[in-house]
Amino acid sequence: MKNYLHIVIVTLFWLSLAGCKKDNITGSADDIPGLGGDTWTQTEIDSWLYDNFTKPYNTDVKYKWSQSELVDVNRFVTPVDEAKVVPIMKCLDSILISPYETVAGADFMRRYLPRFIILFGSAAYEADGTRVQGQAEGEGRILLFELNNFRVKGMVGYLSEDSVGAKRLFHIIEHEFGHTLHGNIMYPVDFKTITGSYTTNWYNYTDGQANEKGFISNYAMSGPDDDFVETLSILLVEGQTSFENLLNTISSEEGKTALAQKAATVRDYMRNAWNIDFATLQKQTRTAIERYTK
Amino acid sequence: MKKWIVYLVLLTVTFAACKKEDTVFDKSPDERINGALASYQQTLQSAASGWKATITTGTGGIYNFHFRFADNNRVFMYSDFNVTTAGTEKESSYRLKALQQPVLIFDTYSYIHLLGDPDGNVNGGADGEGLLTDFEFAIDTVYADSIILTGRYYQTHLRLERAEAADYTAWQNGVWESNVQFQNISNILEYFKRFTLGGVTYDIIVDPITRTVSFIWFAGNAQRSFTTTYYFDRTGVVLTNPFVNGTTTIRTFTDIKWNATTRQISMQVNSNNVIVAGANAPIRVDLNAPQRWYNTVAASDEYWGSYDGFHVNGVDDAYKVTQIPGYAFMVFWPAFGSSGGTTYDLLGFVTQTNAGLTLGFGAGYNAPTFTSDGKIVFTVLGVLGDVPTEAEDAFYNTASRMTDPSGYYLVQTGSSSYDMVAASNARAWIHWER
């Protein structure tokens, strides 16, 4: 009798649980707002970006504000002005994509141009007073900041001093793309020990002081990865002649040798890892940049 | 027996847990949020003459906006931020989005972003902060004629009110643009900006960044001053706190017109036509101010500091001292040292070097002359230290501006701050504080 009851009760228990199956989810998953990304009425900018970036490179250029795109979501950053979007992306095409395609073949950028390029209007201000002007996150996303001040030759209101800001952006683009390169094929590990002595307090040094220690810029002191891509991007944006002039201003023999060695490592890396002739890439990039700034 | 209790408890628990909550709503959360977004969209685009809004920034300024929302994610905007934004309607984009609650995002740059832009050069706020104002707003409540929203970062309050046709045409016809030209008072070249009303002469100071206006006048021999914030409306300028002097009360300035040639403002105050124009001397010269300024620091061997250098002919930091590499600030140091038996005052330039803050170079002046009509006159003695090549222009222009033969008035602006104003034409001045 006891056993019988036991079975009845246990059965009842399971039945009741089964009977409890909830089946009242109404609506369809298609109703979930924002699923698959935000949508809006397409404009000429959207179709231009689709034709020139999404279709050929599978790269999504995001220019509409979304707080969640920020790496540090607690920063207050403003969105980009629509008027700047196409001019900036045209610049990116001619100073980054075209030169690399010329030296590395048409498929190179289809494979390595980051999946997302995200545009912001203002800089992201850090608590220590520095400003974030560009960020590469993983290899798939490049964030570009402070674009609302961007003016190049041929734009309304362009002054020669705007070329400083334009070159800064070009430098950041090359810098962030450099992270994509070494993210795919690492640079020789010896690079890290050419100078060593990296510091998070890089902003306490001027570029001149950094040069004396064998770094191409003060930001290059922040870590070996940034050192590598700073060397790469400044060689591209400023050109070989300007780099040699820079070497000659360095009074410390040690600093001069170290920096020259870093530049040589970059050159070898591009040849060995990517089969890219660095001198040609440098010339191509420099010519494109001069069109916008002189 | 124990087992029974266990079974009983189990049973009760299972049935209790199984209690089916009837849903309060007849639709799923997704359907409801989509419905809400669609109805908000409908409300936004339904206003034929758009929406008007007033925003109080996190720094306290009051700004007006006019928005027109189209059904294709496009928004058209006016703002009384400055003359351009008040005169030209700007098109940009917006979208409604379901975050934790329905949100209105102005998702590409327009006038509303000027307020919160973290670049201080855009709006006069601190770098990294701007005027602490949002451009992403959670929708709290939607009424037929107004929408209440709250910013998601700074909690900026935004209340959209359905505009009348006249509201929109006021923007289109340049009424606001003309009103905002009130702020051109700060562009009058002379240090002193002045108007007369009811037989009393007032100096007026407008600070467009904090949107404050100050009046300075004399009652008998006593100098009086009054400061209040102001904001714009369709008719002109409204003082947040009315200004009262005896029988004169000023609440608003209306019919504001800026003459760019004469650099004067004409406006209506209590049905009187008033002209605000530059003046080249104080209403009454503070005769002892130069000695007071000099002796305050001389007595304790201290110095006056200035960051921005000289403002000359409408240009802040006209000699670009702040662009000297490593520039920190400038000092005026009475009796700094002596040379060949002459004690001299120093106008020194402090720069940030590897060794810390350094007073590296400066101009020496003979002890100043205090004139009986309340001016101070400097004569140069020589240059101290090595002036770096890249600082030469800034240094020599500033050093020789000091030796204006007509001398300078000193205007005390606070317990430990003075403005030193060129007595020749009042179009050059420098701010000192400590």
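1. Helices α7(A) and α8(A) of this predicted model are oblique to each other, because their axes cross at roughly 135°. The classes of angle are: under 35 degrees roughly parallel, over 145 roughly antiparallel, 65 to 115 roughly perpendicular, and the rest oblique. Helix α7 spans residues 224-249 of chain A and helix α8 residues 253-274, and their axes come within 12 Å. Axes here are lines fitted to C-alpha atoms, for helices over the stretch in contact, with angles running from 0 to 180 degrees between N-to-C directions. Helices (H or I, at least four residues) and strands (E, at least two) are DSSP runs numbered from the N terminus.

2. Residues are numbered from 1 along each chain as its sequence is written, while chains are lettered from A and ligands numbered from 1 in the order in which they are written. Because the model is predicted, local features need pLDDT of at least 70 and side-chain atom pairs count only at pLDDT 80 or more, whereas totals for chains, interfaces and linings use all residues.

3. The α7(A)/α8(A) crossing is left-handed; that is, the near helix is turned anticlockwise from the far one by less than a right angle, clockwise being right-handed. From α7(A) the contact takes A:T231, A:L232, A:L235, A:F243 and A:L247, and from α8(A) A:K256, A:L259, A:A260, A:K262, A:A263 and A:V266. Two residues are in contact if their C-beta atoms, placed from the backbone, lie within 7 Å. By class, this contact has 8 nonpolar, 1 polar and 2 charged residues. Nonpolar means Ala, Val, Leu, Ile, Met, Phe, Trp, Tyr, Cys and Pro; charged means Asp, Glu, Lys and Arg; the others, Gly among them, are polar.

4. Helix α3 (residues 82-104) of chain A packs on helix α5 (residues 162-184) of chain A at about 50°, the axes being 10 Å apart. This pair is therefore oblique as well, and α3(A) passes α5(A) in a right-handed crossing. A:L92, A:I95 and A:L96 of α3(A) meet A:F170, A:I173, A:E174 and A:F177 of α5(A). The contact comprises 6 nonpolar residues, no polar ones and 1 charged.

5. The α3(A) helix also packs on helix α9 (residues 278-293) of chain A, at about 160° with axes 9 Å apart. These two are therefore roughly antiparallel, and their crossing is right-handed. Among the contact residues are A:I95, A:S98 and A:Y100 of α3(A) and A:Q284, A:A288 and A:Y292 of α9(A). The contact divides into 9 nonpolar, 6 polar and no charged residues.

6. In chain B, the domain assignment (automatic or from a database) gives domain 1 (29-170), domain 2 (179-279) and domain 3 (289-433). The C-alpha centres of domains 2 and 3 of chain B are separated by 31 Å.

7. Confidence. Where pLDDT is low, the predicted coordinates should not be read in detail. Chain B has a mean of 92, and 97% of its residues reach 70 or more. For the complex, the predictor gives an ipTM of 0.84 and a pTM of 0.83.

Definitions and conventions:
pLDDT is the predictor's confidence in each residue, from 0 to 100.
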